[in-house]
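Me: I would like to learn how to read a structural model feature by feature, with the general idea given before the particular case. Could we work through one together?

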Amino acid sequence: MEFIFICPKQNMTFESADFKITENRGVISDTSGNKMLDAKVELDESCPFCGEKHIYLASELSCPFEATGSRNRTKKENR
């Protein structure tokens, strides 16, 4: 499954399935009852825009099932 990431240096979006979930503390709820995954998502390969390996909070990422459109998105080629 590909997730949608935003390069924090170039502010460009890209998709990648080359990541791992770390520091997974499970699902938490906020005071309004909204649920979210308390974990980090680390890229296994370098960002296609700046070359760094970014780490994101899972709550910062867009749900891949809700994403629409492809403006400013570059699909990373599978190797």
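Reply: Let us start with the word pocket, which here stands for an open set of grid points with protein on both sides within 12 Å along at least five of seven lines. Please keep in mind throughout that this is a predicted model. In this case, the largest pocket has a volume of about 240 Å³.

Me: Which residues lie nearest the centre of the largest pocket, and how many residues line it?

Reply: A residue belongs to the lining if it has an atom within 4 Å of a point of the pocket. By that rule eleven residues line the largest pocket, and those nearest its centre are Leu-37, Ala-58, Ser-59, Leu-61 and Cys-63. Strand β5, which covers residues 35–37, gives the most to this lining, with three residues.

Me: How should I read the pairing of strands, and which strands form the open sheet?

Reply: Two strands are taken as paired if at least two bridges are found between them. Here three strands form an open sheet in the order β3-β6-β7, with antiparallel pairing. Its edge strands are β3 (19–22) and β7 (55–57), each of which pairs on one side only, and the twist averages 25 degrees from one strand to the next.

Me: How many bridges join β1 to β2, and which way do the side chains of β2 point?

Reply: Four bridges join β1 to β2, and the two strands run antiparallel, with Glu-15 in β2 as the bridge partner of Ile-4. On side chains, the general idea is that in a regular strand they alternate between the two faces of the sheet. In β2, Thr-13 and Glu-15 point one way whereas Phe-14 and Ser-16 point the other way, and all of these are buried.

Me: What is worth noting about the backbone at Asn-11?

Reply: Most residues other than glycine have a negative phi. Asn-11, although it is not a glycine, has a positive phi of about 55 degrees. Asn-11 lies in the loop between β1 (3–6) and β2 (13–16), that is, in a hairpin with six residues between the strands. With a relative accessible area of 61%, Asn-11 counts as exposed, because the cut-off for that word is over 50%.

Me: Where is Glu-23 placed, and is it buried or partly exposed?

Reply: Glu-23 sits in the loop between β3 and β4 (27–29), and has a positive phi of about 50 degrees although it is not a glycine. Its relative accessible area of 41% makes Glu-23 partly exposed.

Me: How do I read the aromatic pairs, and how many are there?

Reply: Two aromatic rings form a pair if their centres lie within 6.5 Å, and by this rule the count comes to six aromatic pairs. One of them joins Phe-3 and Phe-5, whose rings are 6.4 Å apart centre to centre with 35 degrees between the planes, a tilted arrangement. The ring pairs link Phe-3, Phe-5, Phe-14, Phe-19, Phe-49 and Tyr-56 into a cluster.

Me: Are Phe-3 and Phe-5 buried or exposed?

Reply: Phe-3 counts as buried at 16% relative accessibility, and Phe-5 is buried with a relative accessible area of 0%. Phe-3, which is found in strand β1, also shows how sequence and space can be read side by side: Phe-3 and Ala-17 are 14 residues apart in sequence and 6.2 Å apart in space, C-alpha to C-alpha.

Note on methods:
Residues are numbered from 1 along each chain as its sequence is written. This is a predicted model: local features need pLDDT of at least 70, side-chain atom pairs count only at pLDDT 80 or more; totals for chains, interfaces and linings use all residues. Side-chain values use heavy atoms; hydrogens and water are left out. On a 1 Å grid over the protein atoms alone, a cavity is a set of points where a 1.4 Å probe fits but cannot get out, and a pocket is an open set with protein on both sides within 12 Å along at least five of seven lines; lining residues have an atom within 4 Å of a point. Grid points are joined across faces, edges and corners, and a volume is the space filled by probe spheres set on the points. Axes are lines fitted to C-alpha atoms, for helices over the stretch in contact, and angles run from 0 to 180 degrees between N-to-C directions. Buried means under 20% relative accessible area, exposed over 50%, partly exposed in between (1.4 Å probe, protein chains only). Rings of Phe, Tyr and Trp (its six-membered ring) pair if their centres lie within 6.5 Å; planes under 30 degrees apart count as stacked, over 60 as edge-to-face and the rest as tilted.
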